[in-house]
Amino acid sequence: MNSGQKGVSKKEGLSGFKYQMQQVKEGESFSILWKTLFVRLVFTYTVKPIPKGSKVSCSVEILGFFAWPVRWALKNKIRKNLSQALGAMVKQLENKKY
């Protein structure tokens, strides 16, 4: 992944959303920018080593003119989806052979 790289995330049966990679620090963190009309969401994923592996976390910034109503309306949905996405990421990494 490189800063500025663009992509599309798709879920089966749904239309995808476009995103852009930002602030990529290899082995440490990366941010994904998702834009819509008057709102920008920045998802920042970080990885920190711990004694028995790594701790993966994600923070979300909601910016722009309609940030407050979007934050209020989507807060629980974002929290649920991030939890599922981080769980899937952990399973994928645990199954990967090095």
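Modeller: What is shown is a predicted model, in which local features need pLDDT of at least 70 and side-chain atom pairs count only at pLDDT 80 or more, while totals for chains, interfaces and linings use all residues. Residues are numbered from 1 along each chain as its sequence is written, and side-chain values use heavy atoms, with hydrogens and water left out.

Colleague: In what order do the elements of the chain run?

Modeller: The order from the N terminus is β-β-β-β-β-α, that is, five strands and one helix. Along the principal axes, the C-alpha atoms fill a box of roughly 45 × 30 × 30 Å.

Colleague: How many bridges join β4 to β5?

Modeller: Two strands pair if DSSP finds at least two bridges between them. Here β4 and β5 run antiparallel and are joined by eleven bridges. The two strands form a hairpin, with two residues between them. Val47, for instance, has Val56 in β5 as its bridge partner.

Colleague: Is Thr44 buried or exposed?

Modeller: A residue is buried under 20% relative accessible area, exposed over 50% and partly exposed in between, with a 1.4 Å probe and protein chains only. Thr44, in strand β4, has a relative accessible area of 18% and is therefore buried. Its C-alpha atom is separated by 8.3 Å from that of Glu61, 17 residues apart along the chain. Of the 98 residues in the chain, 19% are buried.

Colleague: How many aromatic pairs does a search of the whole structure find?

Modeller: Rings of Phe, Tyr and Trp (its six-membered ring) pair if their centres lie within 6.5 Å; planes under 30 degrees apart count as stacked, over 60 as edge-to-face and the rest as tilted. The search finds four such pairs. In one of them, the ring centres of Phe38 and Phe66 are 5.6 Å apart and the planes stand at 80°, so this pair is edge-to-face. Phe38 lies in the loop between β3 (29-36) and β4, and Phe66 in the loop between β5 (53-63) and α1 (67-95), so the pair ties together parts 28 residues apart in sequence. Phe38, Phe65 and Phe66 form one aromatic cluster.

Colleague: How exposed are Phe38 and Phe66?

Modeller: Phe38 is partly exposed at 49% relative accessible area, and Phe66 is partly exposed at 36%. Leu37, also in the loop between β3 and β4, is exposed at 65%.

Colleague: Which residues have a positive phi although they are not glycine?

Modeller: Most residues other than glycine have a negative phi. Among the exceptions, Phe38 has a phi of about 65°, and Gln23 has a phi near 45°. Gln23 is found in strand β2 (residues 17-25) and is exposed, with a relative accessible area of 56%.

Notes: Helices (H or I, at least four residues) and strands (E, at least two) are DSSP runs, numbered from the N terminus.
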